[in-house]
Every structure is written in C-alpha cells, then in structure tokens.
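Dear colleague,

I am passing on the structure below, and my notes on it follow. Please read them with the coordinates open.

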Amino acid sequence: MSHIRYASDVGAPVEVAFGYTDNHLLVPDWMFGVAAFEPAGELDQGLGAVYATTAHVALWHPTTVCEITEYRRNVVIGYTLRGRLSGTLTLRFDPLGYGRSVLTSEAEYTAPHGLLGRLCNGLLDSAVRQALRRTESQLRREIEQFHGTDLVGRIA
C-alpha cells in the first residue's frame, strides 16, 4: 500500500476549516477530479455517510462509492473510495493559533497487481501525488476564501 502526505498552513480557525470541508455540497469545488458528490444513503454527514461520487478523468466519468470511515468533529475526516478507483483520503485539522490551522492531507492506495500493475506503478504514484497536491491546494484556497482571509491569514 502506498502512502502520500502533505501539510499546509490555512488562514482560518479549525472550526471554520472543518465546517467547510464537512459540507458535502462543496466537495466538487475542492476535490480534484470529482464532478458530483451525492448522498447515497440515509446519512449525509459524519461517520458512515455514503456518497455516489462521479469522477471526471479525461473522457472517463466513472461513478464510485465513497464512505466516510473516519470522523471526529473539528479533527479528522476520512473518505474511502470503493470500486475500480479505490483508496483513502484523510484530512486532519490541527490548531496553529491566531485563527490559523494546519491541514494535513494523506492518501493511501493499493497499486494494481500483476505485471501491468508493476509497469504502471510509477505513473499511478505520480498521478496520485499530483491529485492530492491539487486537492490540498484547492481546499486551502476555498477555505480561506470562505473565511475571508488570504494565503497568510490576513483579512482580505
């Protein structure tokens, strides 16, 4: 299983950053490659909530199931994709002081098995790194815009 991790400073308090991220209606605005994120069960928030996730990968638009498998309010949200596209995205929020927080984004995924999987492993790793970096960067910008601060936390 491969593991990738990024951390960044967000110009918003943990409560604001988590609250923005926890709103499933806003997920397509910040999660790279996601065109739609619709509740597929009774819950639409919190641990055990399931979503039908439509990805936008070039001309391919697969729909997969995404479940929140880790959830602690104002601390962590863990999304697990199931199906052809599978893996886990975990977002952790830590207070930094002065109305700022640290967003840590982690992705875990399993490379395909067999000869083809080994041949494509480097390509897949590069694609996941780029997708996680774009997701983290876009989420940070969206939170700061939502909160009304710029990159370094000043009032915009």
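**Notes on the fold, core and cavity**

The protein chain has three helices and seven strands, taken as DSSP runs numbered from the N terminus (helices H or I, at least four residues; strands E, at least two). Along the sequence these elements follow the pattern β-α-α-β-β-β-β-β-β-α. This is a predicted model, in which local features need pLDDT of at least 70 and side-chain atom pairs count only at pLDDT 80 or more, while totals for chains, interfaces and linings use all residues. Residues are numbered from 1 along each chain as its sequence is written, and side-chain values use heavy atoms, with hydrogens and water left out.

Of the 156 residues of the protein chain, 38% count as buried, that is, under 20% relative accessible area with a 1.4 Å probe, protein chains only. The largest nonpolar core has 31 residues, of which Trp 30, Tyr 79 and Leu 91 touch the most other members; such a core is a set of buried Ala, Val, Leu, Ile, Met, Phe, Trp, Tyr and Cys residues joined through side-chain atoms within 4.5 Å.

Tyr 79 is also one of the residues that line the largest cavity, together with Thr 21, Asp 22, His 24, Val 27, Phe 37, Tyr 51 and Ile 68. A cavity here is a set of points on a 1 Å grid over the protein atoms alone where a 1.4 Å probe fits but cannot get out, and lining residues have an atom within 4 Å of a point. About 40 Å³ of space lies in this largest cavity, the volume being the space filled by probe spheres set on the points, which are joined across faces, edges and corners.

With kind regards

Definitions and conventions:
Buried < 20%, exposed > 50% of the residue type's maximum accessible area, 1.4 Å probe, protein only. 1 Å grid on protein atoms, 1.4 Å probe; cavity = no way out; pocket = protein on both sides within 12 Å on 5 of 7 lines; lining within 4 Å.
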